[in-house]
Amino acid sequence: MNSKLFTPVTIGPLTLRNRTIRSAAFESMCPGNKPSEQLLDYHRSVAAGGVGMTTVAYAAVTQSGLSFDRQLWMRPEIVPGLRRLTDAVHAEGAAASIQLGHCGNMSHKSICGCTPVGASGGFNLYSPTFVRGLRADELPAMARAYEEAVNLARESGFDAVEIHAGHGYLISQFLSPSTNHRKDEFGGSLRNRMRFMDMVMEEVMKAAGDDMAVLVKMNMRDGFRGGMELTESMEVARQLQRSGAHALVLSGGFVSKAPMYVMRGEMPIRTMTHYMDCWWLKYGVRMVGKWMIPSVPFKEAYFLDDALKFRDALPDMPLVYVGGLVDRQRIDEVLDLGFEAVQMGRALLNEPGFVNRMRTEEKARCGCRHSNYCIARMYSIDMACHQRLSEELPPCLKKEIEQIERRG
């Protein structure tokens with residue numbers, strides 16, 4: 001078949017065996033903030049399934065950057081466990097990447113061990129908790145935490161890092177006019193709002209040297225009124241190109257303000273609350289969840305229209321497309337439009353061997369039906385597709401999933 005999909009692609013110093021990347025969809029498989037056998041087995045299965053590179057999701061660069069209690073926290077004692085994971089991925093012929101970030105205000109003292117910090121102070125309704133704005137003199141140390149995390153990633157055997165600068169986490173909170181209300185040199189104009197990102201990228205590129213690929217996940221739009229739109233995000237992309245980033249992963253949305261803009265579809269609220277332990281949070285979310293997490297209609301390749309604008313504006317920058325890819329023909333279309341690679345999350349959770357199947361089936365399509373059960377479950381247990389569970393789902397959850405799938 002005349003397709004780019006199974007041709008090698010080079011990102012910085014790294015060459016992948018094909019143009020597929022497992023996106024950094026949070027696995028929630030790290031109890032104690034360290035890698036588990038479950039995490040290793042999942043990424044090994046995706047690598048064995050034919051992907052060019054698999055990305056271990058959201059590793060916090062400091063303890064204050066943790067947003068979940070089953071999330072990685074980069075520190076020396078987890079290096080041996082991560083090395084076992086990367087060795088397993090490499091043995092299957094795939095490359096290994098790790099996403100590095102800081103959640104900013106999207107945390108709680110019970111998780112991150114301190115008053116959550118962000119670009120600006122205030123109250124985070126979604127935790128809920130008060131948040132402290134970072135002082136200017138704290139920002140250089142925070143940027144160096146990214147450098148230290150890159151060094152640990154190299155020691156752990158990773159071939160690439162993905163810096164998370166989107167989705168309303170810390171770098172994104174500095175970039176967005178909605179969350180950056182600072183009056184110093186890190187607030188106000190876009191030039192000022194990019195200063196923290198610039199500090200981080202300087203440290204990251206220094207640590208990456210000439211043997212690690214650096215990808216950056218960024219927002220094309222924040223997904224709500226008052227957030228960052230295309231005009232500003234295009235300037236952010238150009239600045240990241242100037243900083244030396246090897247590729248940009250084009251995404252969008254804020255997990256705190258527009259979560260379904262990131263993922264699309266409908267959040268199964270009953271499923272989400274079913275797995276919660278905290279009784280008052282369970283009933284609170286059940287009562288107001290539909291208002292707090294409004295649905296956004298799913299369509300295949302839902303970020304493509306915006307991503308094409310970036311493709312036109314940045315002809316020399318390697319761009320990775322992510323968002324709503326479940327079909328071999330649509331993946332070929334995206335690659336033919338000039339994107340260097342594609343990322344998939346839910347498709348590979350539903351079918352870890354989907355890439356291998358695409359190699360032999362020109363019209364291959366994964367079985368993901370976009371109910372977002374995996375996302376609802378992720379917040380409390382782990383990320384898993386309801387089609388691959390060993391246990392039986394309660395009838396009330398089956399009914400909710402079936403209704404969402406019919407509406408979708």
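**Close-up views of a predicted model**

Leu-190 is buried, because its relative accessible area is 14% and the cut-off for burial is under 20%. The structure shown in this and the following views is a predicted model.

View A. Leu-190 belongs to helix α6, which covers residues 190-193. When residues up to four places away in sequence are not counted, Leu-190 touches Glu-232, Glu-235 and Val-236. Glu-405, by contrast, lies 215 residues from Leu-190 in sequence, and the C-alpha atoms of Leu-190 and Glu-405 are 41 Å apart in space. Arg-191 counts as partly exposed, at 35% relative accessibility.

**View B. The loop that carries His-386.** His-386 is located in the loop between α16 (373-378) and α17 (395-407). With a relative accessible area of 18%, His-386 is buried, since burial is assigned under 20%. The side chain of His-386 makes a polar contact of 3.3 Å with the side chain of Glu-405. Once neighbours within four places in sequence are left aside, the residues in contact with His-386 are Arg-369, Ser-371, Tyr-373, Leu-393, Ile-401 and Glu-405.

View C. The model has 30 salt bridges in total, and one of them joins the side chains of Arg-84 and Glu-37 at 2.6 Å, N to O. Arg-84 lies in helix α2 (residues 79-91) and Glu-37 in helix α1 (residues 37-48), so the pair ties together parts that are 47 residues apart in sequence. Both partners count as partly exposed, with Arg-84 at 45% relative accessibility and Glu-37 at 42%.

**View D. Helix α2, its buried residues and its end.** The 13 residues of α2 should span 18 Å at 1.5 Å a residue, and this agrees with the 18 Å that separates its end C-alpha atoms. The buried residues in α2 are Val-79, Leu-82, Leu-85, Thr-86, Ala-88 and Val-89. These buried residues pack against α1, β4 (53-60), β5 (72-73), β6 (95-101) and α4 (139-155). After α2 comes Gly-93, which has a positive phi near 90°.

View E. A salt bridge forms between Glu-266 and Lys-290, whose closest N and O atoms are 2.9 Å apart. This pair links distant parts of the chain, given that Glu-266 is in the loop between α9 (259-263) and α10 (269-274) while Lys-290 is in helix α11 (residues 279-292), 24 residues apart. The two partners fall into separate accessibility classes: Glu-266 is buried, with a relative accessible area of 15%, whereas Lys-290 counts as partly exposed at 48%. Elsewhere in the model, Arg-132, Arg-135, Asp-137 and Glu-138 are linked in a network of salt bridges.

**View F. A nonpolar patch on the surface.** Phe-123, Leu-125, Tyr-126, Phe-130, Met-287, Val-288 and Trp-291 form a nonpolar patch on the surface, and together these residues have about 850 Å² of accessible area. Helix α11 gives the most to this patch, with three residues. Trp-291, which is found in helix α11, counts as exposed at 66% relative accessibility, because the exposed class begins over 50%.

View G. Tyr-302 is found in the loop between α11 and α12 (304-313). At 9% relative accessibility, Tyr-302 counts as buried. Leaving aside neighbours within four places in sequence, Tyr-302 is in contact with Tyr-261, Val-262, Met-263, Arg-264, Tyr-321, Gly-323, Gly-324 and Arg-346. For Met-263, which is 39 residues from Tyr-302 along the chain, the C-alpha atoms of the two residues are separated by 9.3 Å.

Methods. Residues are numbered from 1 along each chain as its sequence is written. This is a predicted model: local features need pLDDT of at least 70, side-chain atom pairs count only at pLDDT 80 or more; totals for chains, interfaces and linings use all residues. Side-chain values use heavy atoms; hydrogens and water are left out. Helices (H or I, at least four residues) and strands (E, at least two) are DSSP runs, numbered from the N terminus. Buried means under 20% relative accessible area, exposed over 50%, partly exposed in between (1.4 Å probe, protein chains only). A polar contact is a pair of N or O atoms within 3.5 Å; within protein, one must be able to donate a hydrogen and the other to accept it, and residues adjacent in sequence count only if both atoms are side-chain atoms. Contact means heavy atoms within 4.5 Å. A salt bridge is a side-chain nitrogen of Lys or Arg within 4 Å of a carboxyl oxygen of Asp or Glu. The expected span of a helix is 1.5 Å times one less than its number of residues. Patches are made of residues with over 30% relative accessible area and no salt bridge: like charges are joined within 9 Å, nonpolar side chains (Val, Leu, Ile, Met, Phe, Trp, Tyr) within 5 Å. Accessible areas come from the Shrake-Rupley method with a 1.4 Å probe; for residues, only the protein chains shown count as cover.
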